[in-house]
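Subject: the model you asked about

Hi,

Here is the structure, as promised. Have a look at it first, and then read on for what turned up.

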Amino acid sequence: MDALPWTDFIALLGVVTAMAFTPGPNTMLSAALAVNRGLPAALRFCLAVPVGWCLMLLACALGLGALIQAWPALRGAITVAGLGYLLWLAGKLWRSGELGEADAARLQVGFWQGVALQFVNIKAWMAALMVVAGWVAPGAAEGFWARLAVVLPVMAAYAFASNASYALLGGLLRGWLARGARLLWFNRTMALLLLATAVWMARSA
């Protein structure tokens, strides 16, 4: 391809695969939403993730990411907001022991919440900056938009595929987890994983 050499494109696929399919806040939430509220609710979130990711990548490509990296106060605000949101979600999960139909007030994460979640994850900003620096910004300035047009669909496809995979797994487990106290312990395990993610974000921000 003209915009991005094949060697660079294959390297991009390798990096994005590692980033997308390893467990994180998005994939854990995709699985938890599918278990608690059903696959359709989880798929709305799975669609929100690539939208948020592509908007973040575009913002980084246009210079906002560099501003966040250079301004410690802004980095700190994003980190605090992200930690607060993860702790709130963990609290919701910890107390939820019934499926969504029986307890509709628990664990509602809509499309726009899913989009916004991407913007309060400082590690996601750093990952977007890495992709922009490695595959969008290098080379001649006139190829900037052409490279971005290649990178954005790749990021969107991987973001959806990874979260949809976790959601599908959660959907398959939904019936089994509905018996007895299995759902409560599943949710509490997911809550602890979100807490661990929050601690990791705080230590590495």
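A quick definition before anything else: "buried" is used here for a relative accessible area under 20%, "exposed" for over 50%, and "partly exposed" for anything in between, with a 1.4 Å probe and protein chains only. By that rule Arg147 is buried, at a relative accessible area of 8%.

Two housekeeping notes. This is a predicted model, where local features need pLDDT of at least 70 and side-chain atom pairs count only at pLDDT 80 or more, while totals for chains, interfaces and linings use all residues. Residues are numbered from 1 along each chain as its sequence is written, and side-chain values use heavy atoms, with hydrogens and water left out.

Back to Arg147: this residue belongs to helix H8.

The overall picture

The protein has 9 helices and 0 strands. Helices (H or I, at least four residues) and strands (E, at least two) are DSSP runs, numbered from the N terminus. Of the 205 residues, 45% are buried. The exposed surface comes to about 9,700 Å², and carbon and sulfur atoms supply 71% of that; the areas come from the Shrake-Rupley method with a 1.4 Å probe, and for residues only the protein chains shown count as cover.

Contacts are heavy atoms within 4.5 Å. Taking contacts between residues at least 6 apart in sequence, 83% join residues at least 24 apart.

The core

A nonpolar core here is a set of buried Ala, Val, Leu, Ile, Met, Phe, Trp, Tyr and Cys residues joined through side-chain atoms within 4.5 Å. The largest one has 59 residues, and Leu12, Leu57, Trp125 and Val151 have the most contacts inside it. At least two residues of this core come from each of helix H1 (6-21), H2, helix H3 (39-61), H5, helix H7 (122-136), helix H8 (144-177) and H9. H3 gives the most, with 11 residues. In soluble globular proteins, nonpolar side chains tend to be buried together.

Leaving aside neighbours within four places in sequence, its contacts are Met56, Ala59, Cys60, Leu64, Gly65, Ile68, Ile78, Gln118 and Phe119.

Helix H2

H2 (residues 25-37) has 13 residues and reaches 17 Å from its first C-alpha to its last, close to the 18 Å expected at 1.5 Å a residue; the expected span is 1.5 Å times one less than the number of residues. How many of its 13 residues are buried? The count is 12, and among them are Pro25, Asn26, Met28, Leu33 and Asn36. Just after H2, Gly38 takes a positive phi of about 100°.

Met201 and Asn121

Met201 lies in helix H9 (residues 182-204) and is buried, at 2% relative accessibility. Beyond its neighbours within four places in sequence, Met201 touches Leu83, Leu86, Val120, Asn121, Ile122 and Lys123. Ile122 is 79 residues away in sequence, with the two C-alpha atoms 7.6 Å apart.

Asn121 sits in the loop between helix H6 (111-118) and H7. Asn121 is also buried, at 15%. Apart from neighbours within four places in sequence, it is in contact with Pro25, Ile78 and Met201.

Rings

Rings of Phe, Tyr and Trp (its six-membered ring) pair if their centres lie within 6.5 Å; planes under 30 degrees apart count as stacked, over 60 as edge-to-face and the rest as tilted. That gives 6 aromatic pairs. One of them is Tyr85 with Trp88, which is stacked at 5.7 Å centre to centre and 20° between the planes. The two are 3 residues apart in helix H5 (residues 72-95), so about one helical turn separates them. Tyr85 is buried at 17% relative accessibility, whereas Trp88 is partly exposed at 40%. Phe111 and Trp112 make an edge-to-face pair, 5.0 Å centre to centre with 90° between the planes. There Phe111 is partly exposed at 28% and Trp112 is exposed at 64%.

Last one: Arg188 lies over the face of Trp185, 5.6 Å from the ring centre. The rule for that is NZ of Lys or CZ of Arg within 6 Å of the ring centre and within 35 degrees of the ring normal.

Cheers
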